[in-house]
Amino acid sequence: MFYNFFEKIYRRQQLSILKKNPKVFFENIRLGVGGRFILDKDIKSMSIGKSVEFRNYTCILMMKDANLEIGDHFFMNNFCSINCLEHISIGENTLFGENVRLYDHNHTYDTSPTFKLHSSKFTKAPIKIGSNCWLGSNVTVLKGVTIGDNCIIGAGCTIFKDVPANTQVVNKQDLVFNSL
């Protein structure tokens, strides 16, 4: 009983984060339990379409000057995250399976004279996901990718290059059967 009470308060706090930011536009969204919106005060814009649902334990991270656009009737399942440092757009009637991740950036690094990883410097490129798409569980989409309309991305895929409209992408695995 107390858990439900605190979850309602937490959801109201998350909605309040969105409502208080003048650069955030949304209507009629549903939030599950444990979701988080982490928004820099200087984001460029965040627009969320009508009838959007964020299931449980989702996370939206937006940094300074970032722009996020989500179309109508979008569904984000449990444990998904959108990490937006530049620009991410998602079309209408698109759905994400559990644990889908979007990253419009990579850490920068040097290889010469020695290898050095820069934890707070990034290369960035926008992500565009079309309308009527389904990204299965555990899909990761990396910076600079465009996924056309009407695409299905199979569970476990890492998408690092463009996917044309009306395409299905699956991980191909060689199956080995051993007799016992």
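The lining of the largest cavity divides into 4 nonpolar, 4 polar and 3 charged residues. This cavity belongs to a predicted model, in which 1 cavity of 30 Å³ or more is found. A search of the whole structure also finds 6 aromatic pairs.

**Cavity**

- The space in the largest cavity amounts to about 50 Å³.
- Its lining is formed by Tyr10, Arg11, Gln14, Leu31, Gly32, Gly35, Arg36, Phe37, Phe54, Arg55 and Thr58.
- Helix H1 (2-20) and strand S3 (36-39) are the elements that give two or more residues to this lining.
- H1 gives the most, with 3 residues.

**Aromatic pairs**

- A pair of aromatic rings is described by the distance of the centres and the angle of the planes.
- Phe5 and Phe6 form an edge-to-face pair, at 5.4 Å centre to centre and with 70 degrees between the planes.
- Phe5 is partly exposed at a relative accessible area of 47%, whereas Phe6 is exposed at 52%.
- Tyr57 and Phe79 form a stacked pair, because their planes stand at 10 degrees with the ring centres 5.5 Å apart, and planes under 30 degrees apart count as stacked.
- Tyr57 lies in the loop between strand S5 (52-54) and strand S6 (59-62), and Phe79 in the loop between strand S8 (75-76) and strand S9 (81-84), so the pair ties together parts that are 22 residues apart in sequence.
- Tyr57 is partly exposed, with 37% relative accessibility; Phe79 is also partly exposed, with a relative accessible area of 42%.

**Ring cluster**

- Phe37, Phe54, Phe74 and Phe96 are linked into a cluster by ring pairs.
- Phe37 and Phe54 are also among the residues that line the largest cavity.

Note on methods: Residues are numbered from 1 along each chain as its sequence is written. This is a predicted model: local features need pLDDT of at least 70, side-chain atom pairs count only at pLDDT 80 or more; totals for chains, interfaces and linings use all residues. Side-chain values use heavy atoms; hydrogens and water are left out. On a 1 Å grid over the protein atoms alone, a cavity is a set of points where a 1.4 Å probe fits but cannot get out, and a pocket is an open set with protein on both sides within 12 Å along at least five of seven lines; lining residues have an atom within 4 Å of a point. Grid points are joined across faces, edges and corners, and a volume is the space filled by probe spheres set on the points. Helices (H or I, at least four residues) and strands (E, at least two) are DSSP runs, numbered from the N terminus. Ala, Val, Leu, Ile, Met, Phe, Trp, Tyr, Cys and Pro count as nonpolar, Asp, Glu, Lys and Arg as charged, and the others, Gly among them, as polar. Rings of Phe, Tyr and Trp (its six-membered ring) pair if their centres lie within 6.5 Å; planes under 30 degrees apart count as stacked, over 60 as edge-to-face and the rest as tilted. Buried means under 20% relative accessible area, exposed over 50%, partly exposed in between (1.4 Å probe, protein chains only).
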